[in-house]
Structures are given as C-alpha cells and as structure tokens.
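Please look at the sequence and structure first.

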Amino acid sequence: MKISFPYMGTVIIYKKVLELLGHDVLVAPRPSQKTLDLGVKHSPEFACFPFKTIMGTYIEACEMGADTLITSGGHGPCRAGFYGEIHKRVLKALGHKFDFIVFDSYARDKEKFIRNIKKIKGNNSWLKVIKAIRFTYQMLKEIDRFDKWIAKNRAYEQITGSVNQAWDEIQKMFDLAHTKKELKEAIINSEKLISAIPLKEVQERNKVRIGIVGEIYVVMEASINMEIEKILGELGCEVERSHYLSDWVDHNMLPSFLKRSHEEEILKKGEPFIEIEIGGHAKQTVGHIVDFKERGFDGIIHLMPFGCLPELISQSVIPKMSAQYEIPVFTLSLDEQTGQANNKTRIEAFIDLIKNKKLSNHQFSA
Amino acid sequence: MKIGIPRALLYYYYFPFWKAFFEALDMEVVVSEETNKGILNKGIKESVSEICVPIKLYIGHAIQLLNKEIDYIFVPRMVSIQSGEYFCPKFMGLPDMLRHGVKGLEGKIITCQIKSDSDDISAPENYYPMAEVLGVTKEQIQVAASVAREQWIGFRMFNKSGFTAVEAMKMIQTNDSLEVLLNNQQSSKPVLRIGLIGYVYNIYDPFLNMNIIEKLRELNVDFITFDMLEEAQLQEKIKDMEKTLFWTFSNKLLGAGLRLFHEPTIDGIIHLTAFGCGPDSFMGKLFEFESDQTGVPFMSIRVDEHTGENHLQTRIEAFVDMLKRKKFIA
Ligand code: SF4
Ligand code: SF4
C-alpha cells in the first residue's frame with residue numbers, strides 16, 4: 001500500500017501520522033505548472049481551481065505509484081464535498097487502480113469515519129493509533145506556531161532570505177522527528193534557529209499588518225497563491241492567515257464536545273454580514289475580516305478561487321464591510337491562468353496605498 | 001402593503017405559493033417585468049463580475065421593483081428543503097448579498113429562512129419572523145400558509161402532468177386550463193422526445209435562453225423537464241449514490257438526467273446551463289459519463305450574458321437533425 005494525499009500547506013503533517021502507523025507514504029510533488037496542466041486537462045472546464053489542482057496532484061501521485069489516496073470531504077455544503085466522486089471517476093477513466101479514502105467530519109457520518117480510521121489503522125493497536133494522532137497533533141500545533149512567527153517576521157529580516165531559509169530548515173527538522181524526544185529537540189533547535197536571525201528594529205507605527213482571508217486551499221497552499229506571504233513579506237508587511245491546519249483540525253475533525261471556541265467566535269463576528277453558514281468558508285471570511293480589524297491589522301487580502309460560490313457572496317458584501325470598518329480589502333481571484341506579474345503589481349499598489357494612508361495619518365496627528 | 005417579488009430564480013417554482021400567501025394577508029403582490037435587456041444590464045452592473053447569470057438577473061429584477069412603489073421586496077433565504085441537503089451557497093446568502101451588496105436595497109428587503117424536509121414549504125414557522133414587519137399575527141400566517149399550500153399543490157399538479165411551469169402558473173391563476181391546453185396543442189405528432197435538463201430559472205426565462213421552448217416546439221420536438229417528474233422518479237437513480245451533490249435542485253436535475261438517460265422513449269438529452277454555475281460543472285461531467293455508457297446523445301448549452309441567438313438556433317437544429325438521423329435511418 002502506497003498512500004498519497006492532496007498537497008495543501010505543511011504536508012509533512014499528513015505524512016507524519018501515516019508514517020507513524022507504518023505506512024509507505026508518497027508525498028506528491030508540490031503543485032507546479034505541470035500539475036496544473038494535467039489537472040486542467042482532466043477536469044470539467046468550470047470546476048473550481050482547487051479541484052483542478054488536486055486532480056493534477058492525484059494524477060501525478062498515481063503515475064508515481066500511489067495506490068491509495070486519502071482526502072477530506074470538505075467543509076460545509078459546497079462542491080468540495082463532491083470532489084472525491086468526480087476525482088475517482090476521472091482517475092478510473094484514465095486507467096488508474098487505487099483505493100480512495102474520503103474522511104468526512106465525524107459528525108456527518110460516524111460509521112464511515114470509524115471505517116476509514118480502521119483502514120488507516122491496519123494492524124496497529126488502537127493505543128498506537130491514538131498515540132500517533134496525539135503526537136502529530138502536538139507537532140502540528142508547534143509547526144503552526146513557527147509558521148506564524150515566520151509570516152510575521154519575514155518583513156524584518158536583515159539578511160535577505162534568512163527567514164525563508166530558517167523555515168525550510170524547521171520543516172526538515174520536524175519531518176525527521178518521530179519520537180517525543182526528537183520532537184522536543186526539533187522545537188528547541190527551531191527556537192534557537194529563529195532567535196539567531198538578525199531582525200530590523202521597526203517602530204510600531206511603521207509596521208504594516210496584513211490579514212489573509214478566503215477559501216482554505218488558496219489561502220493555505222503557497223504554490224497556487226503566488227506565494228503571497230512571501231510577496232507581502234518582501235513588501236515589508238507582517239502577515240497572518242485566516243486558516244491554519246491546526247484550527248481546521250480543531251473545528252472539523254474533533255467531535256463537538258471537544259471543540260475549541262475560537263472558530264465559533266469568528267463565525268459570530270461574521271453574522272451581521274452573512275447570517276448563516278452558506279458553505280465553504282464564506283462566513284469565516286467575513287468573520288476574520290472583523291477579527292483582523294479588531295486586532296489592529298491595516299489591510300486584508302481576500303483570496304478566492306475563480307467563480308467560488310460562497311466566496312462570491314463574501315466578495316459581494318466586502319465593499320460595504322470595508323467602508324463600515326474602515327479597513328482596505330483587496331480581493332484576488334485565482335485560477336490556472338492567474339497572471340503572476342499583473343497580480344504582483346496590483347498587490348504592490350494595494351500595499352502602497354495602505355502605507356501612504358498610515359503615513360498621512362501620522363503626519364496629521366503629529 | 002405592497003410586496004415585490006422578482007421574476008427570477010425560484011419564482012418559477014414557488015411564485016404561486018408566495019403570491020397566494022401574501023394576498024391572503026391582504027398584501028398587494030407586484031412582480032417585476034419579464035426579463036429584458038435593461039434588467040439584465042442593471043443586474044450586471046450591480047453584481048460582482050464572476051457571479052452566475054441567474055443571480056445577476058435576480059439582482060436586476062430586484063432593482064426594477066424599486067420603481068414600483070413597493071414597501072418591501074421578498075427575498076427568502078432558501079436553506080434546505082430536503083434533510084441533509086442544502087441550496088446552492090448563492091441562495092443561502094441571497095438576502096445578505098442584496099442587503100449589503102446592492103445599492104438602494106438595504107431596508108427594502110424582507111426575508112425569512114425556509115427550512116423544510118420536502119418541497120412543501122408551507123410550515124408556518126418559516127414565516128413567523130416576518131409577522132412583525134408585516135403587521136400580522138401568527139394565526140393569520142397559519143391561515144395564509146395553508147391557503148398558499150393549496151394553490152401551490154394545484155400548480156405543481158399541472159406542472160407534473162406535463163405542462164411547463166409557466167403554463168401551470170397560468171392555469172392555476174386564470175382557472176382557464178382549457179385555453180392553455182389548446183395553445184399547447186402541437187400541430188402534428190412530435191417526431192422526437194428529449195430530456196431538457198436545467199434549473200427552472202434557466203429553462204423558463206425565455207430572454208435568458210432565447211426561448212428554447214418555442215424553438216423545440218417549432219422543430220416538433222417534445223420535451224420533458226425535471227419539474228414534470230414525480231419526486232420518487234427523481235430519487236430513483238440517485239438514492240443509492242454514495243454521495244450526492246449536497247444541493248437539492250442540483251440533485252433533482254441529476255436524478256432527472258440519470259433517469260432520462262435510461263428511458264427508452266427519450267432520444268437525447270440537452271443540459272441547459274448558465275455561465276458561471278458551479279454545481280452544473282460537476283453535473284455536466286456526470287452526464288458525459290452517462291452518455292458514454294448509454295449511447296444516448298447529450299448536448300450541453302451554456303447561456304451567458306451575450307449568447308447570440310443564431311448560434312443557439314444552429315446548435316439546437318444540428319442536435320435535432322442528428323437525433324432524427326439516428327432514429328430514422330439507423
Ligand atoms: S468553497 Fe469554492 S473552491 Fe471550495 S468547493 Fe466551494 S466553490 Fe469550490
Ligand atoms: S445553482 Fe448555479 S445557476 Fe443556480 S444560483 Fe447556484 S451557481 Fe447560480
């Protein structure tokens with residue numbers, strides 16, 4: 001059995017839990033032009049962009065010998081819930097043979113959830129499964145903590161590239177940790193690594209903080225969002241995303257009695273603009289905009305896959321939110337044809353606008 | 001009080017209910033005009049560019065109602081009419097989008113959440129939240145909902161016996177079924193019978209689809225749409241699917257399509273879809289698979305903001321010709 005999965009965010013996490021259970025894991029290549037070309041070629045024309053990218057990833061994984069694909073069934077009532085059905089049929093039509101394991105949230109179909117867990121469990125004892133999950137979850141929390149630090153401090157590095165380099169190394173260290181002891185060491189070494197990075201001192205009032213909100217896949221997967229966090233870092237902005245894998249796990253996979261309240265709070269904040277959960281992450285998107293504003297952020301970049309159903313509703317209400325909360329929001333819709341150069345210029349212009357506004361505010365108050 | 005109802009989206013499925021409901025509460029019901037260029041353009045102008053055409057049209061219709069001295073525009077939040085299934089996200093967010101996304105509509109929208117476990121949306125609880133704004137009591141709402149239910153069931157009965165939704169509406173409103181029946185008579189026996197699969201708002205808005213229904217009739221082609229089928233017939237092919245589409249109306253179309261692909265009297269299937277429709281992109285793919293398997297010809301027609309009439313005409317004619325050749329020569 002050679003297992004693979006969609007490529008989204010810090011993939012070493014999915015790899016880890018499967019490895020700990022003794023599976024042979026195949027990490028598909030990071031989405032590239034080739035992935036997109038394959039995905040586009042074999043997807044319905046108007047399928048969403050994440051669907052197409054994942055299609056490409058599956059094909060690459062199958063070509064490399066994967067015989068088992070694992071994925072989640074998507075959040076809320078949207079197309080993602082149906083991704084698997086179509087992916088499966090297309091791959092079959094292409095002649096690939098594989099087992100397809102789709103994890104829906106526990107609440108949706110408890111029996112199926114358990115059945116799937118059993119497939120992954122194999123001959124391991126339940127104790128081992130629980131240990132593996134707990135270990136990976138801990139690691140995930142730590143990784144996300146470093147991920148946040150990186151996105152915040154990239155803007156202030158003195159030596160160009162030093163923060164990105166540290167991030168690569170941190171991920172490598174975590175990738176190699178398989179025991180509690182190794183995890184601890186990885187954490188300590190990562191701490192050391194980042195505290196050694198020389199950073200510029202920047203006055204509080206000159207800091208620019210940008211929140212990234214939107215559909216989860218394009219927010220989390222750098223290779224298909226033009227590495228927007230890096231772009232913003234280079235432009236001198238601190239960045240935070242609306243989605244981190246650990247939040248997602250908390251909200252979607254845990255049975256509700258264990259749920260943390262953070263996500264619920266965010267949803268509440270979105271309520272005046274999108275009253276109920278309409279699918280995908282639209283309500284989170286508007287909730288996070290309010291949250292970022294309350295936490296003193298200077299601007300928002302809203303990422304959505306082209307034609308994304310729920311995010312089109314967020315996009316429709318955003319101009320009014322932006323005016324009411326006095327926070328600039330820039331919506332960027334991404335697809336396989338996204339012109340990088342053009343979008344980069346637009347992002348630059350947006351950041352310039354925010355910086356100028358900040359500057360004139362100081363001068364005014366000074 | 002004057003209540004405006006946009007002639008768009010589920011107008012073609014629930015208008016008889018809503019009209020009867022508000023009228024039973026002594027309100028005057030005003031419907032926007034038939035779709036025209038002006039309505040479309042207003043809708044395009046006021047909505048985000050990537051959104052599907054039917055939503056743009058809805059926005060256009062809502063704006064048009066503003067000139068009609070209405071007190072409120074009724075924009076229900078359609079959440080679910082089948083347990084475990086929902087509406088397309090754009091329906092669930094429709095009141096939000098109109099209220100916060102379209103200039104001039106804030107304060108003009110009256111809404112309530114529709115939740116039900118079947119197509120029958122008459123449970124009065126759905127409408128209680130509007131009682132205060134409408135200045136009516138819960139008891140009045142109960143009565144109105146049951147009057148409306150009667151009307152709607154009558155409408156659906158005509159619809160399900162093979163009349164288009166537009167015809168069925170006329171029949172129930174004018175009580176003059178005969179006239180519609182006579183008009184509906186085709187001059188000669190139809191040569192072909194096809195499945196015409198699409199949402200009611202795509203099939204029944206003649207402006208949006210260049211009057212495809214008339215075109216088919218002129219070509220002497222009989223057709224069947226999903227709303228003409230019984231619920232059990234729609235469920236038959238999809239109830240065993242491990243996963244369906246989540247969205248009720250998409251599932252109805254899917255169920256209708258899959259069924260018609262296997263019905264011996266059906267010569268071909270046309271899927272009428274609108275530019276920018278997310279759910280349809282997946283459904284279209286499933287129909288393609290089904291067509292390959294069954295050998296029943298399938299064509300997808302996508303209408304958008306500027307579909308050329310000639311182009312559409314040519315494609316339909318070519319498809320019909322092909323079906324005829326297949327049927328009568330082979
Ligand atoms: S949320 Fe957007 S990207 Fe995700 S399935 Fe729905 S339409 Fe596709
Ligand atoms: S189902 Fe398709 S056409 Fe209808 S509102 Fe949703 S996206 Fe638009």
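## Basis

This is a predicted model, in which local features need pLDDT of at least 70 and side-chain atom pairs count only at pLDDT 80 or more, while totals for chains, interfaces and linings use all residues. Residues are numbered from 1 along each chain as written, chains are lettered from A and ligands numbered from 1 in written order, and side-chain values use heavy atoms without hydrogens or water.

## α3(B) and α5(B)

Helix α3 (residues 53-65) of chain B packs against helix α5 (residues 94-101) of chain B at about 55°, the axes being 12 Å apart. The two are therefore oblique to each other, and their crossing is right-handed. I55(B), Y58(B), I59(B) and A62(B) of α3(B) meet L94(B), M97(B) and L98(B) of α5(B); by class, this contact has 7 nonpolar, no polar and no charged residues.

## α14(A) and α5(B)

The axes of helix α14 (residues 309-325) of chain A and α5(B) come within 8 Å and cross at roughly 25°, which makes the helices roughly parallel (angles under 35 degrees). On the α5(B) side, the contact is made by D96(B), M97(B), R99(B), H100(B) and G101(B), and the whole contact has 3 nonpolar, 3 polar and 3 charged residues.

Terms used:
Axes fitted to C-alpha atoms, helices over the stretch in contact; angles between N-to-C directions. Helix = DSSP H or I, 4+ residues; strand = E, 2+ residues; numbered from the N terminus. Parallel < 35°, antiparallel > 145°, perpendicular 65-115°, else oblique. Left-handed = near helix turned anticlockwise from the far one by under 90°. Contact = heavy atoms within 4.5 Å. Nonpolar A, V, L, I, M, F, W, Y, C, P; charged D, E, K, R; others polar.
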